[in-house]
Amino acid sequence: MANKPLLEMKQVGVQFGGLKAVSNINLEIYENELVGLIGPNGAGKTTIFNLLTGVYPPTEGEIRLQGESIVKLPPYKITQKGISRTFQNIRLFKELTVLDNVKAAYHSLAKHSILSSVFRLPSHFSGEKEIEEKAVSFLKIFNLDSKKDELAKNLPYGQQRRLEIARALAANPKLLLLDEPAAGMNPKETQELMELIRFIQREFHLSILLIEHDMPLVMGICQRIIVLDHGQKIAEGSPEEVRNDKRVIEAYLGEEVVS
Ligand SMILES: Nc1ncnc2c1ncn2[C@@H]1O[C@H](COP(=O)(O)OP(=O)(O)OP(=O)(O)O)[C@@H](O)[C@H]1O
């Protein structure tokens, strides 16, 4: 594990009206780590993703990516700096093709200028071709290249989830946030997806923060697990440590997981 964390949250809290959705969150994610974020419904997991991606600013505390504060940055800047995500409820461009969904991620980061696109300069076309090739290469990883010309809305559910991850990955993140990526998938699809997540983590040297309710699955693939309850971090450690933590068992896991 590297000495300096890729991501740091220090005493972060956010309040909506009278409700403290999360409070006093301290967490660190290091390079190349696959970390699980678990907890009961309403514990604050998605709120942490929304704080990390600039959907709303924290009411207190600090968030740093590679030592640099990101709390005042708009979401697109945070994506450019290296945090991208998927959503609990899939958010694809449903009326666009599978390929265009992935290309959209590249366009937000592409080096060629708007002027070259408007005037259709040669640099625009080489940029466009490069983007298309890269997008197809991502679709191949997710076994979606044969579907590239289909509209996103026509893909089966499991494939839409994979496409969303492909799009997030195309933004070239250092940290990828996955919000229940296996929700709605059958056990076989879930298993395949988890192998894919591990593969992309190694292949792209990514850090991944994963929200997932399927405990055997989280315990099986994550190096470290952070547990939330009522907006607070109640435990953190290896799957083994978390599985045997009394507070975690009481708040979330129940006796059957331990036995
Ligand atoms: N924008 C918002 N405005 C008001 N309350 C919010 C907002 N976002 C989240 N909350 C509240 O904050 C708390 C934490 O919600 P959050 O969605 O982060 O939980 P979660 O752990 O992701 O739950 P789940 O597993 O059900 O997705 C809940 O009480 C929720 O109602």
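Modeller: The order in this open sheet of six strands is β6-β7-β8-β3-β9-β10, and the pairing is mixed. Strands (E, at least two residues) and helices (H or I, at least four) are DSSP runs, numbered from the N terminus, and two strands pair if DSSP finds at least two bridges between them. The model is a predicted one, in which local features need pLDDT of at least 70, side-chain atom pairs count only at pLDDT 80 or more, and totals for chains, interfaces and linings use all residues. Residue numbers start from 1 along each chain as its sequence is written.

The edges of the sheet are β6 (83-85) and β10 (232-237); each has a single partner strand, so one side of each is left without a neighbour in the sheet. From one strand to the next, the twist averages 20°, with axes taken as lines fitted to C-alpha atoms and angles running from 0 to 180 degrees between N-to-C directions. Strands β3 (residues 34-38) and β9 (residues 224-229) are parallel and share four bridges. Leu37 stands opposite Ile226 in β9.

As for the domains, the assignment, which is automatic or from a database, gives domain 1 (1-81 + 172-258) and domain 2 (88-169). Contact, defined as C-beta atoms, placed from the backbone, within 7 Å, joins 19 residues of domain 1 to twelve residues of domain 2. On the domain 1 side, α2 (75-81), β7 (175-179) and α7 (187-203) each supply at least two residues, and α7 gives the most, with four.

Notes
Contact = placed C-beta atoms within 7 Å.
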